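Hello,

Here is the structure I said I would pass on. My notes on it follow below.

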Amino acid sequence: MSRKGGIAKLGFMRVWILGLIFFTTLIGLSFATLPNSEKPIAPLQADSTVLSILERSCYDCHSVVGQTPWYGYVFPVSLYLAHHREEGRNELNFSNWGNYSEKKKSNLRASILEEIEEGEMPLPEYLWFHKEAKLSQADLDALKKWAETSEKENE
């Protein structure tokens with residue numbers, strides 16, 4: 001009987017030690033984030049109202065100057081956010097706006113408005129934690145005016 005009790009204790013200890021190693025590894029990985037060394041190359045130039053709206057609602061995923069929230073340093077969320085930001089910047093990077101051709105800027109402005117009007121941007125899951133990023137009708141009107149004014153300037 002004592003032999004079975006000893007084996008059960010040994011099994012419990014192994015599970016406990018493996019669990020401890022697992023959680024210690026997760027905590028360690030949470031601190032293993034790489035700093036963002038990117039700098040804005042040719043950032044968007046726009047009036048302060050438009051910049052404020054875009055910074056509040058878009059820059060975290062679509063520029064190199066976005067803020068990382070506290071949960072963005074926790075593994076595996078940090079991996080998800082890094083991948084998500086990379087995808088977002090590949091689609092549109094406000095930190096590189098000045099290097100886009102006029103045709104690309106025109107297409108991006110139209111795409112920005114379409115995504116916002118259809119409620120696809122900012123992403124609904126982003127809004128769960130960033131209520132301030134929700135765009136109002138006034139925000140949308142300001143972005144429409146910016147897009148239209150920019151188009152006229154480039155005709």
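**Notes on the model**

Leucine 20 is partly exposed, because its relative accessible area is 45%. The residue belongs to helix α1, which covers residues 2–30. Leucine 20 is also one of the members of a nonpolar surface patch, together with Phe12, Met13, Trp16, Ile17, Leu18 and Ile21. The accessible area of the patch is about 750 Å² in total. Please keep in mind that this is a predicted model.

**Overall**

The protein chain has seven helices and zero strands, so the pattern along the sequence is simply α-α-α-α-α-α-α. Of its 155 residues, 32% are buried. Among contacts with a separation of 6 or more, 72% are between residues 24 or more positions apart. The chain exposes about 10,900 Å², and carbon and sulfur atoms supply 62% of that area.

In soluble globular proteins, nonpolar side chains tend to be buried together. Here the largest nonpolar core has 21 residues, and those touching the most other members are Leu44, Leu54, Leu92, Phe94, Trp97, Leu143 and Trp146. Helices α2 (48–57), α5 and α7 (137–153) each contribute at least two residues to this core. The most come from α7, which gives five. Leaving aside residues up to four places away in sequence, tryptophan 97 touches Ala42, Pro43, Leu44, Leu92, Lys105, Leu108, Arg109 and Trp146.

Histidine 62 is in helix α3 (residues 59–62). Its relative accessibility is 13%, and it therefore counts as buried. A polar atom of the histidine 62 side chain lies 3.0 Å from the backbone oxygen of leucine 92. Beyond four places in sequence, the contacts of histidine 62 are Gly88, Arg89, Leu92, Asn93, Phe94, Ser95 and Met121.

Serine 95, one of those contacts, sits in the loop between α4 (77–91) and α5 (102–117). Serine 95 is buried because its relative accessibility is 3%. Its side chain reaches the backbone nitrogen of valine 64 at 3.0 Å. The C-alpha atom of serine 95 is 9.9 Å from that of glutamine 45, and the two residues are 50 apart along the chain.

**Salt bridges**

How many salt bridges does a search of the whole structure find? There are three.

- Arginine 56 and aspartate 139 meet through their side chains at 2.5 Å, N to O. This pair links distant parts of the chain, with arginine 56 in helix α2 and aspartate 139 in helix α7, 83 residues apart. Arginine 56 is partly exposed at 27% relative accessible area, whereas aspartate 139 is buried at 12%.
- Glutamate 117 pairs with lysine 144, with the closest N and O atoms 3.1 Å apart. This pair also links distant parts of the chain, from helix α5 to helix α7, 27 residues apart. Glutamate 117 is partly exposed at 46% relative accessible area, and lysine 144 counts as partly exposed at 26% relative accessibility.
- Lysine 105 and glutamate 102 meet at 3.4 Å, N to O. Both are in helix α5, three residues apart, about one turn of the helix. Lysine 105 is buried, with a relative accessible area of 12%, while glutamate 102 is partly exposed at 40% relative accessibility. Lysine 105 is also among the residues that tryptophan 97 touches.

Regards

Technical notes
Residues are numbered from 1 along each chain as its sequence is written. This is a predicted model: local features need pLDDT of at least 70, side-chain atom pairs count only at pLDDT 80 or more; totals for chains, interfaces and linings use all residues. Side-chain values use heavy atoms; hydrogens and water are left out. Helices (H or I, at least four residues) and strands (E, at least two) are DSSP runs, numbered from the N terminus. Buried means under 20% relative accessible area, exposed over 50%, partly exposed in between (1.4 Å probe, protein chains only). A polar contact is a pair of N or O atoms within 3.5 Å; within protein, one must be able to donate a hydrogen and the other to accept it, and residues adjacent in sequence count only if both atoms are side-chain atoms. Contact means heavy atoms within 4.5 Å. Patches are made of residues with over 30% relative accessible area and no salt bridge: like charges are joined within 9 Å, nonpolar side chains (Val, Leu, Ile, Met, Phe, Trp, Tyr) within 5 Å. Accessible areas come from the Shrake-Rupley method with a 1.4 Å probe; for residues, only the protein chains shown count as cover. A salt bridge is a side-chain nitrogen of Lys or Arg within 4 Å of a carboxyl oxygen of Asp or Glu. A nonpolar core is a set of buried Ala, Val, Leu, Ile, Met, Phe, Trp, Tyr and Cys residues joined through side-chain atoms within 4.5 Å.
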